[in-house]
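Here is a set of questions and answers on one protein chain and its ligand. Keep the sequence and the model in view.

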Amino acid sequence: MGPLVMVNGRSCALGEVGGHVTLLEWLRSSGFTGSKEGCAEGECGACAVLVARPDGDSSSRWTAINACLVPAAGFDQQEVITAEGLGTARDLHPVQREMADRGGSQCGYCTPGFICSMASEYYRTDRIPSAEANGRRSAETEPGTGGRAAVRAERNGSDPTAPGHAPDPEHGPNGFDLHALSGNLCRCTGYRPIRDAAYALDRPDGADPLLRRLERPAPAPAATTIGSSQGTFRRPGDLAQTLVLLADNPSARVVAGSTDWGVELNIRHSRAELTIGIDRLPELRQLHVGVDAIDIGAALTLSELERGLAGTVPLLAQLFPQFASRLIRNGATLGGNLGTGSPIGDSPPALLALDASLLLASRSGEREVKLSEYFTGYRQSVRRPDELITVIRVPLPVAPISAFHKIAKRRFDDISSVAVAFALRLDGGPAGEPAVGDIKIGLGGVAATPLRASATEQQLIGGPWTSEVVAAAARTLTGEATPISDHRASAAYRSAMLGAALRKFHAQHPAPAHQEA
Ligand SMILES: Cc1cc2nc3c(=O)[nH]c(=O)nc-3n(C[C@H](O)[C@H](O)[C@H](O)COP(=O)(O)OP(=O)(O)OC[C@H]3O[C@@H](n4cnc5c(N)ncnc54)[C@H](O)[C@@H]3O)c2cc1C
Ligand code: FES
Ligand code: FES
């Protein structure tokens, strides 16, 4: 029996899809034409489908992903639901019913994608109506939303925990998190009817088969080899097998969430002779919070990490909601973000400020590399072709004061023009006044690599945390970068944003007033 994927409860042969046929292409060519192609680069969500992903060891979660980015071969033995699998014209699913009744669809091109993103949120078992949550949910403790609540509170001063209301304007009274739709674009309906449909959803019926399905574990990843005329896809069974395969094939393309590689496949028509799927390797999917460090598995998705860390690292909690959309975060990994070596990835500035290290593994062993020594040039790093990033290690305790500033053209779902992360500890100075005990500043988008602002850090450490000192340091920070001008921002703007970010950080976290005087 060849590779099979379960679509809408029906077992379907994957065929010779190799590593280059995306799940969306395969679905459409197999007759599941409900899923649409809009952009083929993860921007519009028309292709969103649901996949059964693990939610702990014993249950599952219907997770919405961009089918246009992921290789179909990675779904051998997996379960996928498309919009057709949710309901029929005669028997609409509650999500489809609400969208129809509230005018959430006009041309309908985006609708199947919205339906799938909405259904994922509909079935989220920790979605709690605000009336129930009121008084017992706090922005800090609600998994996956603490960071966003903090960012929002910082931006608009709103109180996301105000009693008697939905927690904030981006959650419905039914607990629906509007950010579940952040990766879906609609060009003709307007978003209010879509939001109305989302906020009108009740809880799923207890007998709903898709709800009942969540009580069982997600399908285990299958070790797979699928060929094609344009290359082979392989999913090894464990890390040791992967490292042997990589050592023997150093030009192979390793793929985790495929949110970067999928764009290369579709837009640049890149092809790999051998694609190695590492997204489900158990060794790369552990999250361990120890006494001295947090070890983050390189193949955990950002959504899993957001839930797993639940605000333990405030800097990362601020980063996650600003990173792409929920659809992208449901696939994207930290290993992939660092694996690209991109100077505008969002995680490097934050991880640099956290003084993180990477564990790099190959057939010949493992080594630990400080992230500050990892990048060597534009999209280059010390990682050898036969090495995988297995773990991102964040030392504990994390600095008590931190911030992540992402300067981008759009508030959400946009690549950074500039990203700056701060991690600060204030100690007592010689006369007991607050002084900078330690500060680490990570920068992105302002040089050929992400970098630490070492000169600015040294200028600040040991000195008082005052506006005058910070203003002088902001001038140093502006000069530490070597930005370029491109379609996102000019070099002068990027430099100016660095100084502004430091002054803003100080304004938001001043030394206690009576001590600064
Ligand atoms: C619409 C859209 C929006 C985006 N928005 C953002 C954003 O806001 N911020 C941002 O930073 N990025 C953004 N990205 C880029 C992308 O989502 C991230 O870089 C993501 O973290 C990549 O992770 P992945 O697992 O999908 O990587 P993949 O696509 O699977 O891999 C990317 C690269 O890393 C390598 N790689 C993967 N895992 C490992 C590993 N463990 N060890 C070594 N190499 C590895 C692969 O070989 C490949 O070269 C966006 C992308 C899209 C399509
Ligand atoms: S087709 Fe636009 S996100 Fe997939
Ligand atoms: S209904 Fe036409 S794009 Fe959304």
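Helices (at least four residues) and strands (at least two) are DSSP runs, numbered from the N terminus. The model is predicted.

Q: Which helix supplies the largest share of the shell around ligand 1?
A: Strand E8 (253-255), helix H10 (261-267), helix H14 (334-339) and strand E16 (388-395) each give at least two residues to this shell. The largest share is four residues. Those four come from H14.

Q: How do the residues of the shell around ligand 1 divide into nonpolar, polar and charged?
A: The ligand is surrounded by 31 residues. The closest are Gly42, Gly257, Gly335, Gly336 and Gly339. Gly counts as polar here. The division is 14 nonpolar, twelve polar and five charged.

Q: Why does the radius of gyration of the chain agree with a compact globule?
A: The chain has 517 residues, and its C-alpha trace spans about 75 × 60 × 45 Å along the principal axes. A compact globule with 517 residues would have a radius of gyration near 24 Å. The chain agrees with that, because its value is 23 Å.

Q: What share of the contacts with a separation of 6 or more comes from residues 24 or more positions apart?
A: The chain has 19 helices and 20 strands. Of its 517 residues, 50% count as buried. Among contacts with a separation of 6 or more, residues 24 or more positions apart account for 68%.

Q: Which strands stand at the edges of the five-strand open sheet, and why is one side of each left without a neighbour?
A: The order in this sheet is E2-E1-E5-E3-E4, with mixed pairing. Each edge strand has a single partner strand, so one side lacks a neighbour in the sheet. The edge strands are E2 (10-13) and E4 (59-66).

Q: Which residue in E4 stands opposite Ala48?
A: Strand E3 (residues 48-55) and E4 run antiparallel, joined by eight bridges. Helix H4 (residues 111-122) lies across both strands, at about 20° to E3. Opposite Ala48 stands Asn66.

Q: Which residue in E20 stands opposite Leu443?
A: Four strands form an open, antiparallel sheet in the order E17-E18-E19-E20. Its edge strands are E17 (401-407) and E20 (451-452), each pairing on one side only. Strand E19 (residues 434-444) pairs with E20 over two bridges. Opposite Leu443 stands Leu451.

Q: Which helix lies across E17, E18 and E19?
A: The helix in question spans residues 491-508. It runs at about 35° to strand E18 (418-428). This is helix H18.

Q: How many residues of helix H11 are buried?
A: Helix H11 (residues 302-309) has eight residues and is mostly covered. Its buried residues pack against strand E10 (287-289), strand E11 (293-297), helix H12 (314-319) and helix H13 (326-329). Leu302, Ser303, Glu304, Leu305, Glu306 and Leu309 are buried.

Q: Which residue follows H11?
A: The residue after H11 has a positive phi, near 45°. This is Ala310.

Q: Is Gly190 buried or exposed?
A: Gly190 lies in the loop between helix H6 (146-156) and helix H7 (191-200). Its C-alpha atom is 9.7 Å from that of Gly103, 87 residues apart along the chain. Gly190 has 12, so it is exposed.

Terms used:
Residues are numbered from 1 along each chain as its sequence is written. Chains are lettered from A and ligands numbered from 1 in the order in which they are written. This is a predicted model: local features need pLDDT of at least 70, side-chain atom pairs count only at pLDDT 80 or more; totals for chains, interfaces and linings use all residues. A residue is buried if 20 or more other C-beta atoms lie within 10 Å of its own, exposed if 12 or fewer, and partly exposed in between; C-beta atoms are placed from the backbone. The radius of gyration is taken over C-alpha atoms; the globule rule is 2.2 Å times the number of residues to the power 0.38. Two residues are in contact if their C-beta atoms, placed from the backbone, lie within 7 Å. Two strands pair if DSSP finds at least two bridges between them. Axes are lines fitted to C-alpha atoms, for helices over the stretch in contact, and angles run from 0 to 180 degrees between N-to-C directions. A residue is near a molecule or strand if its C-beta atom, placed from the backbone, lies within 6 Å of it.
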